[in-house]
Amino acid sequence: MKPLQSYNSEEIEALELALKNEYNEYKSKNLKLDMSRGKPSTKQLDISIDMLHILENNKDYFDENGTDCRNYGLLDGIPEAKRFFAELLDISPEEIIIGGNSSLNMMYDTIARAMTHGVLGSEKPWFKYDKIKFLCPSPGYDRHFGICAHFNIEMITIDMLEDGPDMDKIEKLVSEDETIKGIWCVPKYSNPEGKTYSDEVVRRFANLKPKATDFRIFWDNAYAWHHLSDKHDEILNIFDECRKAGTENMVFEYASTSKVTFPGAGVALLAASVPNVSFIKKQLIVQTIGPDKLNQLRHVKYFKDANGLYEHMKKHGEILKPKFNCVLQTLKNELDGYEVAEWNSPRGGYFVSLNTMDGCAKRTLRLLKEAGVVMTSAGATFPYGVDKRDRNIRIAPTFPPLEELETAMKLFCICVKLASCEKILSNL
Ligand code: PMP
């Protein structure tokens with residue numbers, strides 16, 4: 001296989017024709033596949049099903065202090081759940097607020113409260129500024145950007161480098177601009193690139209010197225335990241590094257069991273310094289009488305401790321590994337040598353991120369959609385939905401059964417090549 005860029009126009013036209021024929025064959029199959037979100041498959045949901053009955057079976061609805069979890073109370077969670085997550089995240093139970101079923105919801109709420117009331121250290125609520133800004137390492141998680149757009153927070157795109165976001169740029173920007181109030185981070189197995197921040201990047205985050213006294217790092221550890229192989233990525237504990245730097249109030253960490261047990265019916269949490277936790281609890285008490293403690297109890301009784309969860313995650317890994325292999329193998333078989341795309345091979349997380357040639361992502365996904373396969377729309381991984389180079393595509397292999405995934409990926413590769421042929425021909 002030689003690089004597509006080195007083909008002459010007849011060669012490209014011949015290839016385009018052959019690809020169009022293949023494409024039309026797929027199109028005639030009337031496929032209907034949705035790969036737009038990173039959802040666990042039914043098989044993955046099945047592995048947690050015993051958890052649902054654990055309380056009823058034992059008629060045990062009480063936390064370790066005898067609190068009846070069927071009733072109101074315990075704003076920040078039951079003690080054994082706080083200990084469970086503290087062990088998982090290597091922090092202390094006092095640094096944890098357990099919330100409802102969604103960490104994204106907790107992030108939204110954090111920002112909503114900051115807008116109306118500020119965070120610890122704020123001189124005024126964020127809405128009192130003409131404009132506030134967030135830094136957005138990209139490609140990133142579209143729903144983070146959605147929250148900013150919703151609150152009219154200006155987003156500044158930060159490039160993702162090999163070992164995390166561009167720290168030179170971040171350090172410079174936060175130290176100069178008081179209206180930069182936050183940054184989104186998915187530090188481990190990032191969405192969508194599956195990258196894990198290096199020790200140096202974590203340390204540089206902990207040592208940021210923001211001009212804003214109420215600047216916050218939104219450390220969304222959504223994929224902390226979501227490994228795809230025995231070789232796990234390791235990441236420094238941001239709170240340890242912040243304690244050394246005296247900056248522990250600068251971080252809000254989030255995690256959930258959405259992709260451990262049930263998305264939408266898991267347990268989410270916010271971890272922060274003790275002063276942050278007490279500040280937030282004073283606001284939270286107005287917001288709710290308390291979270292779903294039965295679900296917390298179910299989770300703790302089911303997993304027992306961090307090891308229980310790690311074992312459970314191996315089962316997810318076993319289901320997911322063949323799917324990721326299928327994606328990566330198909331990309332290699334179909335695209336290697338053409339030099340029309342680059343992609344990552346993540347060791348964890350939920351996505352494979354692929355970059356087409358500049359200007360080909362939208363066209364690739366339109367071709368794919370017209371043949372019945374939907375993926376996350378092009379641009380979604382960037383602030384305002386705008387990928388200036390129009391090249392990043394998020395592939396979500398988790399939900400479809402393997403056979404469907406195989407078909408979808410073969411078709412996807414045809415679409416990448418077709419879009420590339422069209423692009424090269426248009427430039428000739
Ligand atoms: N953060 C990231 C980076 C995610 O990828 C997701 C799920 N797609 C979430 C948060 C959502 O988590 P939750 O279900 O806890 O709201």
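This is a predicted model: local features need pLDDT of at least 70, side-chain atom pairs count only at pLDDT 80 or more; totals for chains, interfaces and linings use all residues.
Student: At what angle do helix α1 and helix α14 pack, and how far apart are their axes?
Tutor: Two packed helices are described by the angle between their axes and the distance between the axes. Here the pair consists of α1, residues 9-27, and α14, residues 402-427. For these two helices the angle is about 150°, and the axes are 9 Å apart.

Student: How do the residues of the contact of α1 with α14 divide by class?
Tutor: The α1 side of the contact includes Ile12, Leu15, Leu19 and Glu22, and the α14 side includes Lys410, Leu411, Ile414 and Leu418. Taken over both helices, the residues of this contact divide into twelve nonpolar, two polar and seven charged.

Student: Which residue has a polar side-chain atom 2.6 Å from an oxygen atom of the ligand?
Tutor: The residues around the ligand include Leu104, Tyr141 and Ser258. Leu104 places a polar backbone atom 3.0 Å from an oxygen atom of the ligand, whereas the polar side-chain atom of Tyr141 lies 3.4 Å from a nitrogen atom of the ligand. The residue with a polar side-chain atom 2.6 Å from a ligand oxygen is Ser258.

Student: How much of the accessible area of the ligand does the protein cover?
Tutor: The shell around the ligand has five nonpolar, five polar and two charged residues, with Asp220 and Lys259 among the residues around the ligand. On its own the ligand has 400 Å² of accessible area, and the share of this that the protein covers is 88%.

Student: What is the phi of Asn152, and where is its place?
Tutor: Asn152 is not a glycine, although its phi is positive. Its place is in the loop between α6 and β4 (154-161), and its phi is about 55°.

Notes
Residues are numbered from 1 along each chain as its sequence is written. Side-chain values use heavy atoms; hydrogens and water are left out. A residue is near a molecule or strand if one of its heavy atoms lies within 4 Å of it. A polar contact is a pair of N or O atoms within 3.5 Å; within protein, one must be able to donate a hydrogen and the other to accept it, and residues adjacent in sequence count only if both atoms are side-chain atoms. Accessible areas come from the Shrake-Rupley method with a 1.4 Å probe; for residues, only the protein chains shown count as cover. Ala, Val, Leu, Ile, Met, Phe, Trp, Tyr, Cys and Pro count as nonpolar, Asp, Glu, Lys and Arg as charged, and the others, Gly among them, as polar. Axes are lines fitted to C-alpha atoms, for helices over the stretch in contact, and angles run from 0 to 180 degrees between N-to-C directions. Helices (H or I, at least four residues) and strands (E, at least two) are DSSP runs, numbered from the N terminus. Contact means heavy atoms within 4.5 Å.
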